[in-house]
Amino acid sequence: MCGIVAVIGSREAAPLLLEGLRQLEYRGYDSAGLATVEALAAGPAGSPAEGRLTCLRAEGKLINLTHRYEQHGAPGQCGIGHTRWATHGKPEERNAHPHLDGSGRLAVVQNGIIENFRTLREELQAEGVVFRSDTDTEVIPHLVARQLERIQQGRPASGALLLEAVQQVLPLLHGAYALAVVWAALPGALVVARKAAPLLIGLGEGEFLCASDTPALAGFTRTILPLEDGEVALLTPLGIELYNAAGERQQRTPSLLSGTEHVADKRSFRHFMLKEIHEQPETAALWVARHLPEGGTAGGQAGASLVALPLDEGVYEGVERIQILACGTSRHAAQVGAYLLEQLAGIPTSVFYASEFRYAPPPLSAHTLTIGVTQSGETADTLAALAMEQERRSLVADPAFAPRLLGITNRPESSLGRLVPHILDIGAGIEVGVAATKTFLGQLLAFYGLALAFAERRGGGATGHGPEQLRRLVAALRALPEQLKALVEDHDRRCAELAHLFADTQDVIFLGRGINYPIALEGALKLKEISYIHAEGYPAGEMKHGPIALLDARVPVVSIAVPGLVFDKVLSNAQEAKARDAQLIGVAPEGPDTELFDTLLPVPEVDELISPLLTVIPMQLLSYHIAAHRGLDVDQPRNLAKSVTVE
Ligand code: F6R
């Protein structure tokens with residue numbers, strides 16, 4: 001949530017800030033702003049030049065800020081910028097960042113939440129400070145300005161002074177944040193800091209660009225230095241001074257951003273979401289090439305096994321239970337994963353909303369693997385839940401309860417990557433559309449890999465999935481990229497033709513059972529978030545226990561019905577809906593059984609265990625085309641952000 005950028009060097013800062021913000025707009029687009037510091041005159045020998053601060057802010061998307069910049073300009077080679085997802089205070093210009101101190105000479109941008117801001121605000125107000133916004137962030141410039149006044153005592157303005165003031169203010173702030181501070185007195189320095197929110201420094205030639213995420217850095221440099229939790233940095237065109245929370249100077253070697261996957265390009269598609277849906281055959285093909293070795297045999301020795309995942313053998317050893325923590329779409333992938341881990345590998349598995357787990361964790365169980373699933377690797381609830389689990393298990397002396405943490409993510413370089421010792425990288429390439437699509441498929445595939453790897457090591461056992469069935473599943477997975485390609489093309493056309501039927505629809509019900517129940521949930525979530533149509537996903541058998549009262553001719557029902565364990569049951573549940581005049585859309589194979597549907601979105605007949613990888617495609621395309629037909633902003637739906645970095 002919210003994206004911040006900061007730049008210092010020898011080029012004009014504002015264009016670099018605007019470009020960085022453009023790449024971060026997926027994190028929030030309620031308002032945007034920037035502040036630059038321009039050098040006015042060289043100071044006396046040995047002292048820095050005095051400067052002038054320009055602050056521009058605009059409600060709404062970045063384009064509004066860009067227009068403001070084109071009208072007013074913002075000179076200077078040092079600056080900070082922000083794109084906002086509103087938490088405290090409405091999405092109005094007065095709540096847009098940067099926020100200034102009373103003198104208007106100190107500006108701050110922040111991503112996160114200052115949880116004790118009310119107390120700090122009251123304290124400052126009692127001292128006579130006047131607040132101009134409703135935000136939590138505004139306390140920071142006032143606190144830093146107060147601290148500067150206390151410690152300056154005739155000392156000339158310097159980077160060291162600003163750093164010292166910020167370091168003394170940070171312990172007063174409770175919560176998670178990444179922030180950047182500029183001061184009119186210092187055209188040649190800025191200070192950044194982070195605690196439990198991401199911040200990376202990109203190293204250029206005599207210039208530095210800090211940002212919340214890699215896409216903002218990719219066009220600037222490939223050399224990056226991610227800030228560790230609690231670190232503060234002073235940046236000047238000459239270099240970086242890095243300190244930990246205890247104020248000790250840190251030295252670290254920068255790392256390299258790999259590949260081109262950090263560059264976002266819509267190609268010829270109308271929206272990023274549509275492009276990303278079409279990229280799924282490639283996501284699957286890459287995954288198959290990386291993780292299903294040619295000639296692998298079930299139960300084979302290392303190197304010859306069916307699935308090759310880059311995980312230490314210790315991750316699998318002695319696991320008796322699995323718990324999975326995730327939010328939103330990632331949680332739906334986790335539910336499919338839990339089904340596979342239980343039914344294929346025979347391991348009792350529970351899925352938790354990360355936001356609930358943290359405050360009501362189950363009693364500790366022995367020999368438990370905890371998996372955090374987050375495409376962004378930055379979801380605050382998921383990170384906090386994992387950190388809590390790590391901590392409470394570390395306090396137990398019995399090694400059976402020791403923490404074992406695994407992360408599934410599309411961003412191995414994220415905060416998740418730094419928090420957990422083992423990572424499964426889904427390698428889907430950057431996803432810009434706020435609605436997750438190809439990363440969902442990537443997460444599903446990671447779970448197929450994990451469940452197969454566990455099942456293979458356990459020889460089927462209690463679940464009866466012996467080597468032969470595992471081999472059949474792997475063969476089905478190999479066929480997936482081709483099937484997906486045909487399916488995406490076919491349903492793109494079908495769903496585009498269907499979309500007008502939903503012009504006035506207000507409610508849609510999605511039904512699924514067994515391994516496809518989470519896909520019904522995902523279909524409903526996709527529709528809600530981009531088309532703003534109310535939608536619910538239900539286990540089909542549960543409809544008759546209440547929700548069926550909602551049905552009439554105005555409520556379409558999308559039913560996922562694939563041959564397997566619960567096929568007949570789902571068809572009966574669909575009949576029950578039809579008897580209430582519901583308009584029935586079936587996601588099912590073609591055939592006499594599925595003639596009851598008013599509209600069929602056909603999927604190939606595959607092993608039921610594989611089917612979610614296919615049934616999700618019509619769900620994504622139906623939502624996409626309904627939203628696009630309604631003329632909505634598919635890639636940046638209202639009130640949402642790609643990376644939810646507040647709890
Ligand atoms: C839905 C969506 C969200 C995310 C959720 C978790 O399309 O994108 O529901 O799935 O915010 O995000 P990650 O996976 O980054 O933890």
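Mentor: Start with helix H13. This is a predicted model. Of the 21 residues of H13, 19 are buried, so the helix is largely enclosed by the rest of the structure.

Trainee: What makes a residue of H13 count as buried?

Mentor: Its relative accessible area must be under 20%.

Trainee: How do you know what span H13 should have?

Mentor: H13 covers residues 438-458, which is 21 residues. At 1.5 Å a residue, the helix should span 30 Å. Its end C-alpha atoms are 30 Å apart, so the two values agree. Glycine 459 follows H13, with a positive phi near 65 degrees.

Trainee: Which residues have the most contacts inside the largest nonpolar core?

Mentor: Ile371 and Phe454. That core has 93 residues. Its largest share, 13 residues, comes from H13.

Trainee: Why is this core said to lie between domain 2 and domain 3?

Mentor: Because both domains give residues to the core. Domain 2 is 266-478 and domain 3 is 484-647.

Trainee: What is phenylalanine 454 in contact with, leaving aside its neighbours within four places in sequence?

Mentor: Its partners are Val315, Tyr316, Val319, Ile322, Leu341, Ala345, Ile347 and Leu369. Another core, of 34 residues, lies apart from the largest one. Ile114, Ala157, Val166 and Trp183 are among its residues.

Trainee: How many disulfides does the structure hold?

Mentor: It holds 0. A disulfide needs two cysteine sulfur atoms within 2.5 Å. For cysteine 55, the nearest cysteine sulfur is that of cysteine 78, 13 Å away. For cysteine 327, the nearest is that of cysteine 2, at 17 Å.

Trainee: Why is cysteine 55 called partly exposed?

Mentor: Its relative accessible area is 27%. Buried means under 20% and exposed means over 50%, so 27% falls in between. Cysteine 327, at 24%, is partly exposed too.

Trainee: What makes the protein chain as compact as a globular protein of its length?

Mentor: First, the inventory: the protein chain has 17 helices and 25 strands. Its radius of gyration is 26 Å. The globule rule gives 26 Å for 647 residues, so the chain is as compact as a globular protein of that length. Along its principal axes, the C-alpha trace spans about 85 × 55 × 45 Å. Of the 647 residues, 59% count as buried.

Technical notes:
Residues are numbered from 1 along each chain as its sequence is written. This is a predicted model: local features need pLDDT of at least 70, side-chain atom pairs count only at pLDDT 80 or more; totals for chains, interfaces and linings use all residues. Side-chain values use heavy atoms; hydrogens and water are left out. Helices (H or I, at least four residues) and strands (E, at least two) are DSSP runs, numbered from the N terminus. The expected span of a helix is 1.5 Å times one less than its number of residues. Buried means under 20% relative accessible area, exposed over 50%, partly exposed in between (1.4 Å probe, protein chains only). A nonpolar core is a set of buried Ala, Val, Leu, Ile, Met, Phe, Trp, Tyr and Cys residues joined through side-chain atoms within 4.5 Å. Domain bounds come from an automatic or database domain assignment. Contact means heavy atoms within 4.5 Å. The radius of gyration is taken over C-alpha atoms; the globule rule is 2.2 Å times the number of residues to the power 0.38.
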